[in-house]
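This briefing is meant for a reader meeting the structure for the first time. Please look over the sequence and the model before going on to the notes below.

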Amino acid sequence: MPSIVEVSDILKTVGFNIVGHETFLIQPNLKDFFLYSGKYEPKMYLDEKVRSGISTFANLASKEEVEEGCNKLKKDIETKKIENVLNNFSSDLGDYVYIVAEKK
């Protein structure tokens, strides 16, 4: 995923002013599918049908990257390591950051 700095720089390059940033926390009762939809149910990412509906998997990652990531995720789920991963990367700062920009 591109960093906030990378996206902000590109927006500035094409004529936008950065107005601010908004954060968004994924909630356990989320029904829509996008990259962090499986935050509380990571096993869903192992389903190719689910991944095909998430643009990050379909458009930004190679088949090899996705396969390697799914293999690691499956192992983490089986060994219960996933619980540590989720706890270690938990943050109240938000799961997504939206960059608010306006055209110059």
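The model is predicted, and the residues named here are numbered from 1 along the chain as its sequence is written. The largest nonpolar core consists of twelve residues, and helix 4, which spans residues 63-78, gives the most to this core with three residues.

**The nonpolar core**

- The twelve residues of the largest nonpolar core are Ile26, Leu35, Met44, Tyr45, Val50, Ile54, Phe57, Val66, Cys70, Leu73, Ile82 and Tyr96.
- Leaving aside residues up to four places away in sequence, Phe57 touches Leu35, Tyr45, Arg51 and Val66.

**Ser55**

- Ser55 lies in helix 3, which covers residues 55-60, and the C-alpha atom of Ser55 is separated by 7.6 Å from that of Leu35, although the two are 20 residues apart along the chain.
- Ser55 is classed as partly exposed because its relative accessible area is 46%, a value between the cut-offs of 20% and 50%.

**Asp95**

- Asp95 is found in the loop between helix 5 (81-88) and strand 2 (96-103), and Asp95 counts as buried because its relative accessibility is 17%, where buried means under 20%.
- With residues up to four places away in sequence not counted, Asp95 touches Phe24, Leu25, Ile26, Tyr36 and Lys39.
- Asp95 and Phe24, one of these contacts, are 71 residues apart in sequence, yet their C-alpha atoms are 5.8 Å apart in space.

How values were computed: Predicted model: local features only at pLDDT ≥ 70, side-chain atom pairs only at ≥ 80, totals over all residues. Heavy atoms only, no water. Core = buried A, V, L, I, M, F, W, Y, C linked by side-chain atoms within 4.5 Å. Buried < 20%, exposed > 50% of the residue type's maximum accessible area, 1.4 Å probe, protein only. Helix = DSSP H or I, 4+ residues; strand = E, 2+ residues; numbered from the N terminus. Contact = heavy atoms within 4.5 Å.
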